[in-house]
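Have the structure open as you read.

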Amino acid sequence: MPTTDLIAEGEGFHTPSLVDFFPPAILFEGTPFEFTRVNMIQVLMTVAIATLFILAFRRPQVVPRGLQNIGELAVNFVQTYVIDSIMGEKGRRYLPYLVTLFFFILALNLAGIVPGLNLAGTSVVAVPAMLAVISWLVFNIAGIRKHGFGQYMKVNLFPPGVPIPVYILLTPIEFLSTFILRPITLTIRLLANMMAGHLMLVLFFAGAHYLLLEADWILRPLGLGAAAMGLGVTAFEILISVLQAYIFTLLTALYIAGAESESH
């Protein structure tokens, strides 16, 4: 439920809840193609970020100007601070995927602070899980292409230099860590951060509305404090949006580099 809906009800203070993340259908209710407000936000932000990059690079010039400058700065950020720092120049063949991953997550994250949208597209499990599975496929395929399936499984499950009896304990742990937990932790980290951000924003702005407009006069000054906290959380949410997009992309690059390395 968006913050504006909470405010519009005018029936006392409504605490945010998980119901916010399961809005009613807008189109095709009750069918496999059910389209909700969350889906609309995801589509809008995807179109917005895709349009930005298309306009930036539709007529590339040797000396960039305007939007091309912004587009090149965006690509260079991922290349310099993710790929070159983790994978080196040989990792630049993954530039299209990692740039797309970073800015897709960032766009959906920032929807949470866009007036009228008020909900991050990554605050429902489907998107973080889908991206985590794609990253899981990318780093495992990269490792198998580099080493071959048998050698890739060997270097991951049987690290060299370990006494043979230790493999009884170490191999299941390595399997669980590399092939099971990585996509799960990628999903939960992104999902939990964006859900928490939305709940905090709704809590402070709905509280400010209630205290300023509906509570007893003696409580109304507290509404100013709640509004100020809401603005502070909004600024913090921008930082979290960038940080979570960066962490997801950085870990994906780290997993790819690890899968292609000769030893783990």
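Predicted model: local features only at pLDDT ≥ 70, side-chain atom pairs only at ≥ 80, totals over all residues.

Start with α2, which runs over residues 37-57. The helix has 21 residues and reaches 31 Å from its first C-alpha to its last, close to the 30 Å expected at 1.5 Å a residue. At its N-terminal end sits a cap: a side-chain oxygen of Thr 36 lies 3.3 Å from the backbone nitrogen of Val 38.

Which residues of α2 are buried? They are Arg 37, Val 38, Ile 41, Gln 42, Met 45, Ile 49, Phe 53 and Ala 56. Look down the axis of α2 and these buried residues fall within an arc of 150°, so they line one face of the helix. The background is simple: an α-helix has 3.6 residues a turn, so residues three or four places apart point the same way.

Most residues other than glycine have a negative phi. Phe 28 has a positive one although it is not a glycine, and so does Asn 118.

| Residue | Phi | Loop | Relative accessible area |
|---|---|---|---|
| Phe 28 | about 55° | between β1 and β2 | 53% |
| Asn 118 | about 60° | between α4 and α5 | 15% |

Buried or exposed? Phe 28 is exposed, whereas Asn 118 is buried.

How values were computed. Residues numbered from 1 in each chain as written. Heavy atoms only, no water. Helix = DSSP H or I, 4+ residues; strand = E, 2+ residues; numbered from the N terminus. Expected span 1.5 Å × (residues − 1). Buried < 20%, exposed > 50% of the residue type's maximum accessible area, 1.4 Å probe, protein only. Arc of directions from axis to C-beta. Polar contact = N/O pair within 3.5 Å; in protein donor to acceptor, adjacent residues only side chain to side chain.
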